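I opened my notebook for a first look at this structure. Here is what I looked up, entry by entry.

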Amino acid sequence: MNRREALSRVSLMLGGTLSAPTLLAFDRWSQTNPESRENGASILNEEQREIMARVAELIIPKTDTPGAVDAGVPDFIEIILRDCYAKPVQDVFLTGLGDLAGKGLLTASPDQQTTLLKQVEVQALANTKAGSVSFWQLIKELTVWGYFTSEAGIKSSFDYQPIPGKFEPIKIKPGQKDFMYGNQV
Amino acid sequence: MNLNINAQKAQTYDAIVVGSGMTGGWAAKELTEKGLNVLVLERGYEIKHVEDYKTAMQDPWEFEHRGKITTVAAEEHYASMFFSAKEGSQLNFTNDKEHPYIQKRPFNWIRGYHTGGKSLIWGKHTYRWNREDFLANAKEGLGIDWPIRYEDLVPWYTYVEKFVGISGQAEGLAVLPDSIFQPPMAMTAPEVHFKKSVAQKLNRPITMGRVAHLTKPQPWHTAVGRASCQFRNRCTRGCPFGAYFSSLAATLPAARSTNRLTILHNAIVKEIILDDHAQKAKGVRVIDQNTLEVRDFYAKVIFLNAGTIGSTSILMNSKSARFPNGLGNDSDQLGRNLMDHHLAVGARADIEGFEDDYYFGARPGSLYIPRFRNWGNDKKRDYLRGFGYQGGASRADWSRGGAEQGFGADFKKRMTQPGPWKMSLTGFGEVLPDPNNRFYLSPDKTDKWGLPQVVFDADFNANDRAMRKDIMNDGAEMLEAAGFKNVTTYDNPAAHMGLGIHEMGTARMGRDPKTSVLNKYNQVHTCKNVFVTDGSAMASASNVNPSLTYMALTARAASYAVAQLKAKSL
């Protein structure tokens, strides 16, 4: 049977709610990078890692709570890229980092960095294609996911309730943080 | 000589139960409680209740991949990856690469080869079948008539429900008969509104999902160590509170407390061994999955509870001069009329308002909308039978952020607050029995234990697919009746058998040995001391979740088997 089709079936149970990057991660039929998994080596060089960390911090900056870098998001993204994504997706990610290097992200002012990233976002949204994934989708999802499942991210962002003990409808209090139950993994 | 006799004695029990899952646990409990020495044979590895639920108490940041399975794990779990696509539960699903099967037509064969089987990972929605479910085949001339009626099962439904513990609301509906209930779980505010609107405008009742979770444990629940649901919704990692029903948490501990239970793990049953006259089974031949050592075990009665495909495969593989096509297969019905529920079709909506409403806790379960098509006064449709829905309304959490536009400090802050309400409904449709929907054993491909691989050759038929239009449109109609916005429908054309994980049929019950494999007590017609009481016995599929009916059939068959043994009729 068509394996790409089989892949799309993965999402059907969830009513198609899986995002494109998540779906692509299941693309077991594409080449992976077993060498790097075995020796635990990084698939990113120094500059690529620096750009990735900068973008992650722009997506979730340090405010009165920790930012993406404080929460270890760059390390997390590297692990996921290496272990959970197929080679074509890794290549999309590396190309995206290369583009930002070419545009001088690391030497730009904070305002210029934000402007540059907005351009990347607009372009990604304009070029959305079914069955493919953009660098922006990947790094956005990975940053959000890495941050809001990290210990620092969870404890500073949410009312973490690993054992709620009950289920009941309630009214929201002013300024109420979202609850986090830790069941998403 | 003496040595052999002694060895045989040591390997002889009153009863052998093949499988430790949903129905194997029940067979073990009932047979041991009625005084039999029982050997349970589990083909997979041992999982100890609570202590082996290694990931159950882990926080999200303690998972290296934060829940995502790796490309390697996805390859190993190709059948179950849509369901086990989480790092915390993948070990509770079978490694499909190690246990391969063949898809002549697409089939996701999702398995749990370990103590407790799929009772460790099931969805837990638990419903009685209704009167019509047992009459429909006869009325419509489809398949064969069930040899039993709803009334035959009522005392057994009641019996198992009390022990299982099912939270739910009594509604008095003929289409969805009430069980013995624990208190129901609560509905969210938009769900309450939805229920009211649909009742008023469309006259369709909606109830809280009936799920096998304890919400008010009774003494017989606490006696086996079970506690109330903690609303963590981490169920597929295993519940350290024993709050949802599984054989690990409930039936196996009950059986163990009789001191008449022996469980052997890593024991793959290759075939059933017949006595010299080929009238009865005398035991089973077992392959150790690790050492490949072959051993025989003997008993007066054998219960097959290896899961629909597993149990029928064992019968198929039990060939003899008397049964050249598999044990009890004079009718050529083994492997035929494979059924599931078809799903991956429904409707979704955004919900405006209810900004002040929220909820505390992670609820395992959802609303349930019972079948209303081809029922009561409903105008006859262009298809037979019907469907129900599961679904619910909840607020989006941080995970919406990946797809939401924007980044930076404001975006970050927004993700820490509850998101907008959304509602979705997923249909579960009845699949008709069809002799051409089947599986068989490969004539040439074997697994690493030398056993023939299973070949699936089944798909939904025109009737099954015809009702999917109604599932979409009726779902959208209900969401609109509640005033919800941006209503959309979906129907994945790639939906296929197996994804419902409700495999049924392939060794159906019936009155006539010429057209069925099992009689009304789940005995093999032509080999009376072999009972098959899992999904393979089903003659039709209903549209509600089947586990409760398997459990009731198992308790009923066990009671009958013991009575027959006592009367020396087996």
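Before counting anything, I settled what a contact is: two residues are in contact if their C-beta atoms, placed from the backbone, lie within 7 Å. I also kept in mind that this is a predicted model.

**Where the chains meet.** With that rule, I found 62 residues of chain B and 57 residues of chain A in the contact. The largest share, four residues, comes from β12(B). Sorting that side of chain B by class, I got 27 nonpolar, 20 polar and 15 charged residues.

I then followed β12(B) across to chain A. Strand β2 of chain A (residues 168-171) pairs with β12(B) in the antiparallel sense, over four bridges. Within β12(B), B:Tyr358 stands opposite A:Ile170.

**Two helices in chain B.** Next I turned to helix α2 (residues 22-33) and helix α9 (residues 247-256) of chain B, whose axes come within 7 Å and cross at roughly 20 degrees. Angles under 35 degrees count as roughly parallel, so α2(B) is roughly parallel to α9(B). Their crossing is left-handed. The residues making the contact include B:Trp26 and B:Lys29 of α2(B), and B:Thr251 and B:Leu252 of α9(B). By class, I listed six nonpolar, five polar and one charged residues there.

**Confidence in chain A.** Last, I checked pLDDT: the mean for chain A is 82, and 78% of its residues reach 70 or more. Over residues 1-39 of chain A, pLDDT stays under 50.

Technical notes
Residues numbered from 1 in each chain as written. Chains lettered and ligands numbered in written order. Predicted model: local features only at pLDDT ≥ 70, side-chain atom pairs only at ≥ 80, totals over all residues. Axes fitted to C-alpha atoms, helices over the stretch in contact; angles between N-to-C directions. Parallel < 35°, antiparallel > 145°, perpendicular 65-115°, else oblique. Left-handed = near helix turned anticlockwise from the far one by under 90°. Nonpolar A, V, L, I, M, F, W, Y, C, P; charged D, E, K, R; others polar. pLDDT = per-residue confidence, 0-100. Pairing = 2+ DSSP bridges.
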